[in-house]
Structure formats: C-alpha cells, structure tokens
Amino acid sequence: MTTASFAVTPEEAGRRIDAAVASTLGVSRSTAAQWCTDGHVLLNGTATAKSRKVAPGDLVSVEAPEEDDPLEVRAEHVEAMGILAEDDDFVVIDKPVGVAAHPSPGWVGPTVVGALLAAGYTISTSGAPERQGIVHRLDVGTSGAMVVAKTERAYTALKRAFKERTPAKTYHALVQGLPDPLAGTIDAPIGRHPGHDWKFAVLEDGRDSVTHYQVLEAFGRASLVEVELETGRTHQIRVHFSALRHPCAGDQTYGADPRLAAALGLTRQWLHAHRLGFPHPVTGEWVQVESGYPQDLEHALEIMREGDLRY
C-alpha cells in the first residue's frame with residue numbers, strides 16, 4: 001500500500017488535488033488521478049473528485065494499492081544525448097528532441113533516465129522508481145540543458161532549489177510575428193485546458209505563471225526571443241506566447257501556422273533550453289552551462305536570416 005498524508009502548502013494552494021498528490025508524492029499525474037477516482041484520496045477526511053482545488057492547510061490523506069505493473073525503466077542508448085557538465089553529484093545533459101525525461105503511461109520512446117542508465121551512470125533513486133534523479137523536466141519536443149541528480153543529497157538539494165525557483169532557466173524560442181513590446185513580462189495564470197486534458201491554457205483560476213522575454217532578432221514573419229522563466233509550469237512558454245498570438249514556430253498544438261513550419265523544415269516547436277544556472281547541490285557555488293542549437297533549429301534560423309520564405 002501507498003500510505004501518506006500531508007498538509008497543503010501555500011505553493012500548492014489552488015492546484016487540483018490530483019496534481020498536488022502527484023508532485024508531493026512523486027507519482028505520475030495519471031496515477032494520482034486514478035487514486036482520486038477510486039476513492040483512495042481523502043481531502044479533510046472526505047473522498048473527492050480529482051479536479052477539486054486545494055487550499056492552504058487542507059489535509060490530504062492517501063491510502064492506495066501499489067500499481068500491479070509499475071512503469072519500466074528501459075536502459076536505451078541515445079547517441080544524440082550529450083553531456084554538458086558533471087561531477088560526483090550531478091550531470092547536466094544536452095537533451096535531444098524526441099526523448100522524454102522519464103517513463104510515463106503511453107510513452108514508448110527513449111527517456112533521459114534510460115539513456116543515463118545505458119551509459120553506465122548511477123543516479124539518485126529518490127522519488128518514484130521511474131523518475132530516478134529527475135528534479136525538473138523538458139517536454140519531449142523541447143531540446144536543451146537539463147540537470148539530473150546522481151546522489152541522494154543532490155536530489156534533495158536540487159529538488160528544493162527548483163521548488164524555491166532558485167535556478168535560472170533561459171530558453172530561446174522562434175515565435176511567429178513580432179511581440180510588442182520588444183521586451184516585457186507575461187504574467188498570466190496557467191491551468192489545464194477545459195476541453196483538452198493534455199493541453200494547457202491561460203485561465204483565470206490557473207496557477208501563477210510569469211515569463212520574462214526580450215526579442216533578439218526580428219525577421220518579419222517570426223522573431224527570435226530570449227525567455228527567462230520565473231515560474232516553471234508545464235508548456236509555460238508555449239502557452240504564454242500562444243495567448244499573445246505569437247506561438248512558437250512549428251507548435252501546431254498551440255496554433256502555429258503549419259505553412260511556416262513546412263517552409264522552415266520544422267517537425268516540432270522551435271524552443272530550446274539554451275542556458276541553465278543553479279547552485280551546486282553540495283558547495284552552493286553557482287553552476288552555469290549553455291546548450292547550442294541542434295541542427296534542425298539552426299537550419300530553420302538560417303532560412304529566416306536568408307529571408308527566402310515562400311508560402
């Protein structure tokens with residue numbers, strides 16, 4: 001049995017109860033949702049729907065059976081995954097597109113966890129078995145710098161740092177059109193899309209989400225922007241720029257023009273985790289690494305700079 005109880009913190013307040021259970025207990029969102037549906041999750045002593053929002057001080061209790069078929073971590077070599085920095089406590093990988101952070105229901109492709117195991121790395125076993133060492137994530141369709149904990153002490157320190165928003169996460173994105181103003185802050189709450197559970201949207205009752213940006217290059221039909229995340233919500237950059245009607249090029253999930261994607265040869269959103277900074281989990285010294293653009297994004301940028309778009 002999985003047995004646990006916790007009081008809702010101010011940070012978790014306003015979230016759906018399945019999301020709060022998932023993040024607090026280190027299980028998948030789908031597992032937490034199923035526990036709610038099956039009556040294994042109590043809110044202040046009463047079974048509740050998975051969509052119920054929690055408030056500060058609410059008591060959440062969980063008593064659920066273990067999954068009969070836990071997610072399998074398959075050791076699988078990923079040739080394109082490079083190493084940007086590492087020591088005895090952490091490793092910063094250069095995650096390629098098409099690789100998930102860890103196994104999840106329905107995902108059959110390669111994962112960061114599996115690739116590190118295949119390469120002979122020993123990583124932290126804290127959290128759910130399929131999420132070994134994972135302290136933050138990048139979308140399958142997003143490339144770039146991502147840190148993984150090797151040791152238990154590093155996992156604890158890095159997990160806390162990301163929860164407290166200490167790391168500096170800088171992304172580069174090619175967005176359609178030209179944002180106005182050329183530099184600014186997008187402060188708009190994000191929650192699950194009411195019509196599509198796998199999408200997110202700007203919602204009045206969503207979680208606070210803050211994105212800072214500045215335009216680096218303007219090409220007319222698109223602009224290269226640098227983005228600093230103050231919060232780290234799922235799909236945050238994609239949702240915020242879509243809400244401004246400047247979706248990431250190639251991101252048809254959030255309204256990008258498929259003609260532009262075809263002209264640029266893009267099969268995914270032009271979004272890259274370019275720079276990552278964080279305090280060393282043991283010494284506290286600042287660690288900062290950069291990831292260069294992968295070939296598909298660099299090629300698209302070259303086409304934009306040449307100005308030879310025809311569609």
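1. With which residue does D208 form a salt bridge? The partner is R233, and the closest N and O atoms of the two are 3.0 Å apart; a salt bridge here is a side-chain nitrogen of Lys or Arg within 4 Å of a carboxyl oxygen of Asp or Glu. The pair links distant parts of the chain, with D208 in the loop between β11 (200–202) and β12, R233 in the loop between β13 and α5, and 25 residues from one to the other. D208 is partly exposed, at a relative accessible area of 41%, whereas R233 counts as buried at 14%. Buried means under 20% relative accessible area, exposed over 50%, and partly exposed in between, with a 1.4 Å probe and protein chains only.

2. Basis of the values. This is a predicted model, in which local features need pLDDT of at least 70 and side-chain atom pairs count only at pLDDT 80 or more, while totals for chains, interfaces and linings use all residues. Residues are numbered from 1 along each chain as its sequence is written, and side-chain values use heavy atoms, with hydrogens and water left out. Helices (H or I, at least four residues) and strands (E, at least two) are DSSP runs, numbered from the N terminus.

3. Other salt bridges. A search of the whole structure finds 14 salt bridges. One of them joins E86 to K150, with the closest N and O atoms 2.9 Å apart. This pair also links distant parts of the chain: E86 belongs to strand β5 and K150 to the loop between β7 and α4 (152–163), 64 residues apart. E86 is partly exposed at 40% relative accessibility, and K150 is buried at 15%. R259 forms a salt bridge with D257, the closest N and O atoms being 2.9 Å apart; D257 is buried, with a relative accessible area of 18%.

4. The β5–β6 hairpin. Strand β5 (residues 82–86) pairs with strand β6 (residues 90–95) in the antiparallel sense over 4 bridges; two strands pair if DSSP finds at least two bridges between them. The two strands form a hairpin with 3 residues between them. Within this pairing, G82 has D94 of β6 as its bridge partner.

5. The largest nonpolar core. A nonpolar core is a set of buried Ala, Val, Leu, Ile, Met, Phe, Trp, Tyr and Cys residues joined through side-chain atoms within 4.5 Å. The largest one has 30 residues, of which V112, L116, Y171, V227, I237 and F241 touch the most other members. At least two residues of this core come from each of β6, α3 (112–118), β7 (143–149), β8 (168–176), β12 (210–218), β13 (222–229), α5 (236–243) and β14 (271–279). The largest share, 4 residues, is supplied by α3. A second, separate core of 16 residues includes A22, C36, V41 and V60.

6. V112 lies in helix α3 and is buried, at 0% relative accessibility. Leaving aside neighbours within four places in sequence, V112 is in contact (heavy atoms within 4.5 Å) with M81, I93, K95, V99, A100, A101, M146 and V148. The C-alpha atoms of V112 and I93 are separated by 8.5 Å, and these residues are 19 apart along the chain. With the same exclusion of sequence neighbours, I237 is in contact with Y171, V227, L229, C248 and L271.

7. Helix α4 has 12 residues and reaches 17 Å from its first C-alpha to its last, close to the 16 Å expected at 1.5 Å a residue; the expected span is 1.5 Å times one less than the number of residues. The buried residues of α4 are A154, Y155, A157, L158, A161 and F162, and what covers them includes β6, β7, β8 and β14. Just after α4, R165 takes a positive phi of about 65°. In helix α1 (residues 17–25), the buried residues include I17, D18, A19, A20, V21 and A22. G26, which follows α1, likewise has a positive phi, near 70°.

8. Cysteines. The structure holds 0 disulfides, a disulfide being a pair of cysteine sulfur atoms within 2.5 Å. C36 is buried, with a relative accessible area of 4%, and C248 is buried at 0%.
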